[in-house]
Amino acid sequence: GVVTLKSTVKPIANFLLNLVLTNLGRLQELTFADKFGWYGDKFLPYEDENFLLADELSGHPYFSEGDFYEWRKVVVRHRDNIIARMALAASFASVLIKIVGAENLIMTICGLSEDGKSVLMRLMASIWGDPNKGSGQIRSALNTAFNSEVVNLRLGGLPLFLDETATRTLQDKTLATELMRLAEGVEKGRNTKLFGGSWANTVVMTSEFPLVSSKSNLGLANRILHLEAGKIFGSDDESKLVIRTVNKNFGHAGKMFIEAVKEIGFGAIIERYEVAIDMLEDAFKTSGMTISHKLLRQFALLYLADTLAAEQVFDRNVDDGEAVGKIDVDDLLNFVRNYHAPNPAEEFYQKLRGVVQRELSRKNGRAFHSKKVPKGYCLLTKDALSQNLFDDFKRFAGALKKMSAILQYRDTYWWPKTVDGVRLEALCVKIID
């Protein structure tokens, strides 16, 4: 730096002014950027030549590595699965939301620990950059609980990926409030002046069971799109292959998608979005299905994103025999038709609830009365539950325990009596209305 005195401030200021004016034609014009996303027809972080990035954006994970065709080979193999396709479409759709004026898209991917929901999230993140743990693109929902708005403000139009939401539900008022503000896309606190106060993007979360339930705020429930993972990759070996591939090959598809959007033009993108809304509205009416306008617009956005991705990313620069094509409207209708399919853990809970209520009403000695059983709990033997339900309880135990608003259970008890010399294993369960 230069040390200035009172007597030298004015001459130094004049010197700097003359220096700038003399070299005005040679100086590079820079735009200071404190968040990613659209700046006119430019998109950060893929075009940063004339941008001065804020310190918070340095070392970001949005870069490309490896080979696009290796990535494409793995993705195309699973793109016929409607769940994988909708998830990938949601990731691509993130950068279209601001352009078409759609509402922010909140998506939850639900399933048990081995169903592949985190692998699917890694696949979605690999579109834009490094999906590896520690890169900063996928964040823990627990660590981001009170900071997601600031994160989203910096992301601009890039998707926000939040993992590990399994221990939080929409009964958690903090989470419910946070999700509503993420959906609204408006920051109402001190960060408004810092980052412009608004964002337009996709927020993706993983959870073992739906964040939306019958007890959830209706306005929030209508803003969240729910996907069931359900062993989406088929086997553990296939899941490991997907992870290995996307960990080494990533970031190409996002750049290609952005370039295509710019090439097509914002006006044409908006027109295609409106056409998609009209087309899906007619398709739903013809099929006799009713759908809210909010959901209709969300599915139109996903349809548009999938169509553009097929045209401009997956089917570009490949042989005709390798083309994947856009999503079929009938597939989309079938997805919506089955959209409210019950969650496996919730379905099991309903079965378990029926058994408990039956046993409590009977109050038979085998299933109900024991000095070891706390008041209000029910002791269920394998005989009372059936072998399948008993085994399923162990399978769904983690998810059920986290549904603490409606179910409590204690560890497995050994029934004090024996039948034919064998002690009976039993479960100690309490239903909470």
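Colleague: How many salt bridges does a search of the whole structure find?

Modeller: First, this is a predicted model, where local features need pLDDT of at least 70 and side-chain atom pairs count only at pLDDT 80 or more, while totals for chains, interfaces and linings use all residues. Residues are numbered from 1 along each chain as its sequence is written, and side-chain values use heavy atoms, with hydrogens and water left out. A salt bridge here means a side-chain nitrogen of Lys or Arg within 4 Å of a carboxyl oxygen of Asp or Glu. Searching the whole structure on that basis, the count is eight.

Colleague: Which residue forms a salt bridge with Asp306?

Modeller: Asp306 sits in helix H13 (residues 293–314), and its partner is 227 residues away, in the loop between helix H2 (68–78) and helix H3 (82–93). Helices (H or I, at least four residues) and strands (E, at least two) are DSSP runs, numbered from the N terminus. The closest N and O atoms are 2.9 Å apart, and the partner is Arg79.

Colleague: Are Asp306 and Arg79 buried or exposed?

Modeller: Go by relative accessible area: under 20% is buried, over 50% is exposed, and in between is partly exposed (1.4 Å probe, protein chains only). Asp306 and Arg79 both come out as buried.

Colleague: What is the strand order in the open sheet of five strands?

Modeller: Two strands pair if DSSP finds at least two bridges between them. The edge strands, each pairing on one side only, are E6 (138–140) and E9 (224–228). With parallel pairing, the order is E6-E7-E8-E5-E9.

Colleague: What angle does the direction of H13 make with that of E9?

Modeller: H13 packs on the sheet, touching E5 and E9; contact means heavy atoms within 4.5 Å. Axes are lines fitted to C-alpha atoms, for helices over the stretch in contact, and angles run from 0 to 180 degrees between N-to-C directions. For H13 and E9, the angle is about 60°.
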